[in-house]
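Open the model and keep the sequence beside it.

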Amino acid sequence: MKQENASTDMPASALIDRRIADLGDWRGDTLARVRALIKEAVPGVVEEWKWMGTPVWNSQGILCTGESYKSHVKLTFLKGASLDDPSGLFNSSLDGNARRAIDIHEGEQLDATAFRALIRAAAALNAAAKAKPKRAKAAA
């Protein structure tokens with residue numbers, strides 16, 4: 001679903017609210033549930049609206065994106081390959097060096113406890129990357 005006409009003056013949270021409402025079916029319900037779980041896992045998470053209408057959740061870097069397609073909702077973790085996933089939530093984009101995704105289809109339930117843990121792990125990974133001192137360039 002394209003939201004190219006969405007006002008850039010609107011806050012991202014309002015654009016995400018609108019996306020959820022516009023979907024008007026199980027995909028909107030799923031996106032709303034995922035959003036609530038992300039906010040529970042990382043209080044103060046920043047919502048963004050990027051790439052011509054993609055909800056993005058950020059905490060010292062992108063945690064995940066939430067895209068809606070006709071047959072599924074895709075949650076893409078940009079650094080997912082670096083995260084432990086003991087519950088096996090990642091079920092898409094498994095071959096890449098960086099990203100991992102969770103595809104949720106109609107009727108499927110996301111393990112809320114495991115998902116919140118994955119979001120917290122992504123936030124911790126971002127925080128650790130920000131905390132690393134930058135390497136000094138070697139003198140020539």
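Where is the place of Ser93? Ser93 sits in the loop between β4 and β5. Strands here are DSSP runs of E with at least two residues, helices are runs of H or I with at least four, and both are numbered from the N terminus. This is a predicted model, in which local features need pLDDT of at least 70, side-chain atom pairs count only at pLDDT 80 or more, and totals for chains, interfaces and linings use all residues. Residues are numbered from 1 along each chain as its sequence is written, and side-chain values use heavy atoms, with hydrogens and water left out.

Ser93 has a phi near 55 degrees, a positive value in a residue other than glycine. Most residues other than glycine have a negative phi. Ser93 is partly exposed, with a relative accessible area of 39%. Buried means under 20% relative accessible area, exposed over 50%, and partly exposed in between, with a 1.4 Å probe and protein chains only. Met52 also has a phi near 55 degrees. Met52 lies in the loop between β1 (46-50) and β2 (54-58). Met52 is exposed, at 60% relative accessible area.

Now turn to helix α2, residues 26-41. Its 16 residues reach 22 Å from first C-alpha to last, close to the 22 Å expected at 1.5 Å a residue. The expected span is 1.5 Å times one less than the number of residues. Asp25 caps the N-terminal end of α2, with a side-chain oxygen 2.9 Å from the backbone nitrogen of Arg27. Buried residues of α2 include Trp26, Leu31, Val34 and Ile38.

Helix α3 covers residues 112-131. Its end C-alpha atoms are 28 Å apart, which agrees with the 28 Å that its 20 residues should span. Asp111 caps the N-terminal end of α3, placing a side-chain oxygen 3.1 Å from the backbone nitrogen of Thr113. Among the buried residues of α3 are Phe115, Leu118 and Ile119. The buried residues of α3 pack against α2, β3 (62-68), β4 (72-77) and β5 (100-105). Contact here means heavy atoms within 4.5 Å.

Finish at the largest pocket. About 190 Å³ of space lies there. Helix α2 gives the most to its lining, with six residues. Trp26, Arg33 and Leu37 are among the lining residues, as are Ile104, Glu108 and Ala112. The lining divides into six nonpolar, three polar and three charged residues.

Conventions:
A polar contact is a pair of N or O atoms within 3.5 Å; within protein, one must be able to donate a hydrogen and the other to accept it, and residues adjacent in sequence count only if both atoms are side-chain atoms. On a 1 Å grid over the protein atoms alone, a cavity is a set of points where a 1.4 Å probe fits but cannot get out, and a pocket is an open set with protein on both sides within 12 Å along at least five of seven lines; lining residues have an atom within 4 Å of a point. Grid points are joined across faces, edges and corners, and a volume is the space filled by probe spheres set on the points. Ala, Val, Leu, Ile, Met, Phe, Trp, Tyr, Cys and Pro count as nonpolar, Asp, Glu, Lys and Arg as charged, and the others, Gly among them, as polar.
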